[in-house]
Amino acid sequence: MAGVERFRRTSAVAEVSPDVPKGIDSKTFFHSIPQTVRLAVPLLHTLDEAALGELVALAQEHLRSPNGAMHARMRGAYDKLAERIAMDHSEFDVIFSGTFLILKIAIRQRVALERVGADLRKMNAPEGYVRDVVGALEAHGAALRTAALASRVGYPRCEGVKWRVDVIISTGQLSRVMRPTIILQLFRSNGSVKTFEVSIEQFHQLRYGVAKALQNMQELEKHPMMRIASEADRPKAEQTR
């Protein structure tokens, strides 16, 4: 029982645990606070700072793992912490998932550390928990961003191109054709290789389409609103490095 008491607050504290205030969603970096986070905040007040620190450390380790997989050692730590704080597994799942979502959204949106702390305080999160979350983002931000990028859903990228020109000298119908065609090979990030043939006309259409897209991107970057947005995001990006 001593171990349990060490990781839990008194019942009197739990009775006054605050909920997330209503109507603050748009004032936070969530824009719409997930229901799991709303349910997690009152439960966080039933834990002491030592347990909160272990919870945040476990969530950030889970976020850094490949594809969000929970390996055997992490699963053991998860079960051990839930048992030590004498919390029902369903409730522990809520606070763990809520913490995981907070870290994940803050990383993916590149939220400034000051705003993360301020918004969590608006949501009535425990002060020790706020310090642990901000500390984890500050200490492991680069690794968490790398893991988030690696696990995001997306199409394979083009990592290399090879090409050659073939000339059709003749066909079964014509003895002299002399028509060039271009063979393209695209090497993608998932290891696959796509090979296809295009005519000269199709190749010129491809060149025109790429040049047009680049021109449109340059014109968009010159737009005054894009410059304002870029200047506003620059300090946030520097603070999260």
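Let me start with Ala86, which sits in the loop between α5 (72-84) and α6 (89-108), helices here being DSSP runs of H or I with at least four residues and strands runs of E with at least two, numbered from the N terminus. Although Ala86 is not a glycine, it has a positive phi of about 55 degrees, and because its relative accessibility is 43% it counts as partly exposed, a class that lies between buried, under 20% relative accessible area, and exposed, over 50%, with a 1.4 Å probe and protein chains only.

Please keep in mind that this is a predicted model, in which local features need pLDDT of at least 70 and side-chain atom pairs count only at pLDDT 80 or more, while totals for chains, interfaces and linings use all residues. Residues are numbered from 1 along each chain as its sequence is written, and side-chain values use heavy atoms, with hydrogens and water left out.

A positive phi, of about 70 degrees, is also found at His31, again not a glycine, and His31 is placed in the loop between α2 (11-15) and α3 (35-44).

Turning to the whole chain, there are ten helices and three strands, and their order from the N terminus is α-α-α-α-α-α-α-α-β-β-β-α-α. Of its 241 residues, 32% count as buried. Among contacts, meaning heavy atoms within 4.5 Å, those with a separation of 6 or more come to 62% from residues 24 or more positions apart.

Finally, Ile169 lies in the loop between β1 (158-168) and β2 (179-188), and it counts as exposed because its relative accessibility is 54%.
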